[in-house]
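Subject: Structure handover and notes

Hello,

Here is the structure you will be working with. Please open it alongside this message.

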Amino acid sequence: LQAGGGFPPFPTETAMPRLAAALALLLPVALAFCPPQPLGLRSPSLPASRALPPRQPQLLGGLGMRWRGFRLKKDEDEDAPPSPVGTAGEGAEPARAEVPEVQCEDAKTREMVGRLLEVCKKTRQGVEGTGDVGLNDWEGLVEGIAMRNPTEDPGKSPLMGGIWELAWTTEKEVLALMSSGLFGDECLRVYQEIDVEKGTLSNNMEFANNGRFKVLSTFRGGQGGPLKTNRGDTFSFEFKSASIRYKGFELGLPPIGKGWSQQTYLDNSIRIQRDSRNDLAIYTRVPTFGVGDGI
């Protein structure tokens with residue numbers, strides 16, 4: 001801040017074009033978190049379901065007085081370190097409700113999960129696809145683990161709550177940012193925060209130099225799916241807000257879209273899901289609040 005409380009002159013010659021480019025780059029990622037076109041469920045343990053006809057994303061909020069739905073503000077503490085992970089919303093903490101300890105006890109499942117995570121690590125979270133593992137072998141491993149799911153109604157289980165680090169994904173938009181970074185600023189981590197009790201979910205990407213992309217949405221366990229029926233293995237969400245932070249400036253994006261995801265496997269340390277675009281994502285839990293530290 002300058003004397004008198006004002007901000008330094010805004011570098012419009014360089015910052016505005018970069019922020020505009022960032023907007024064009026990150027809008028597809030926001031839509032990736034909120035897929036618009038539902039597909040059938042893929043769990044091998046469940047019967048195939050009819051898919052809904054394609055549905056266009058809906059605008060979920062008024063634009064108000066914002067310029068074309070966007071807001072631009074200077075981050076007052078841009079020199080401060082990134083805020084600690086563990087908040088599903090501004091100033092809110094994930095629920096600390098007791099959760100059942102569910103672990104895969106049998107040696108076969110432990111061995112399969114170990115192989116799965118080894119591939120995730122070697123392929124840079126999916127940036128390099130499945131690496132030297134054939135696609136059929138990879139799908140067989142994923143579906144084999146799903147058939148061993150130890151958690152009843154995983155989509156609405158208290159085990160869904162917490163912080164989940166992305167281990168692997170097929171979401172092209174997310175992979176593109178993970179690979180290229182934000183204008184050369186390296187992508188440091190990708191994670192979700194879910195608060196089952198408060199019904200909130202956030203998707204987060206953090207970059208070097210305090211960069212960030214964040215999508216906030218609702219979380220409704222046991223809802224969603226191709227027929228909008230109440231299922232135990234799915235959750236639905238509605239995209240509420242999004243923002244990007246780059247070089248100390250934060251740009252708000254208009255809230256667009258909603259969707260659902262199916263949890264095919266969930267225990268106290270790992271979860272596997274397919275969303276309504278049929279993208280696959282694998283997450284590992286960040287140990288916190290006494291929830292199990294590993295399989």
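Below are the notes on its aromatic rings, charged pairs and backbone.

This is a predicted model, so local features need pLDDT of at least 70 and side-chain atom pairs count only at pLDDT 80 or more, while totals for chains, interfaces and linings use all residues. Residues are numbered from 1 along each chain as its sequence is written, and side-chain values use heavy atoms, with hydrogens and water left out.

**Aromatic rings**

The structure has four aromatic pairs. Rings of Phe, Tyr and Trp (its six-membered ring) pair if their centres lie within 6.5 Å; planes under 30 degrees apart are stacked, over 60 edge-to-face, and the rest tilted. One of the pairs is Phe-219 with Phe-235. Their centres are 4.8 Å apart and their planes are at 35 degrees, a tilted pair.

The cut-offs are under 20% relative accessible area for buried, over 50% for exposed, and partly exposed in between (1.4 Å probe, protein chains only).

Phe-235 also pairs with Phe-237. Those ring centres are 6.2 Å apart and the planes are at 50 degrees, so this pair is tilted. Both Phe-235 and Phe-237 are buried. Phe-219, Phe-235 and Phe-237 form one aromatic cluster.

**Ser-236**

Ser-236 is in strand S7, which covers residues 234–246. Its relative accessibility is 14%, so Ser-236 counts as buried. What does Ser-236 touch, not counting residues up to four places away in sequence? Its contacts (heavy atoms within 4.5 Å) include Phe-219, Arg-220 and Trp-260. Thr-218, Gln-223, Gly-224 and Gly-259 are also among them.

**Charges over rings**

A charge sits over a ring if NZ of Lys or CZ of Arg is within 6 Å of the ring centre and within 35 degrees of the ring normal. The charged end of Arg-189 sits over the ring of Tyr-191, 4.1 Å from the centre. Arg-271 lies over the face of Trp-164, 5.2 Å from the ring centre.

**Salt bridges**

How many salt bridges are there? The count is 12. The rule asks for a side-chain nitrogen of Lys or Arg within 4 Å of a carboxyl oxygen of Asp or Glu.

One of them joins Asp-106 and Arg-148, with the closest N and O atoms 3.0 Å apart. The two residues are 42 apart and link distant parts of the chain. Asp-106 is in the loop between strand S1 (71–74) and helix H2 (107–122). Arg-148 is in the loop between helix H3 (135–146) and strand S2 (162–169). Asp-106 is partly exposed at 35% relative accessibility, and Arg-148 is partly exposed at 36%.

Another joins Arg-212 and Glu-250, with the closest N and O atoms at 3.6 Å. This pair also links distant parts of the chain, 38 residues apart: Arg-212 is in strand S5 and Glu-250 is in strand S8 (residues 249–253). Arg-212 is buried at 11% relative accessibility. Glu-250 is buried at 10%.

Salt bridges that share partners join Lys-108, Glu-111 and Arg-115 into one network. Within this group, Glu-111 bridges to Lys-108, with the closest N and O atoms 3.9 Å apart. Both lie in helix H2, three residues apart, about one turn of the helix. Glu-111 is partly exposed at 36%. Lys-108 is partly exposed too, with a relative accessible area of 42%.

**Backbone**

Arg-124 is not a glycine, yet it has a positive phi of about 55 degrees. It lies in the loop between H2 and H3 and is partly exposed at 40% relative accessibility. Lys-247 has a positive phi as well, near 55 degrees. Lys-247 is in the loop between S7 and S8 and is partly exposed, with a relative accessible area of 40%.

Best wishes

Methods
Helices (H or I, at least four residues) and strands (E, at least two) are DSSP runs, numbered from the N terminus.
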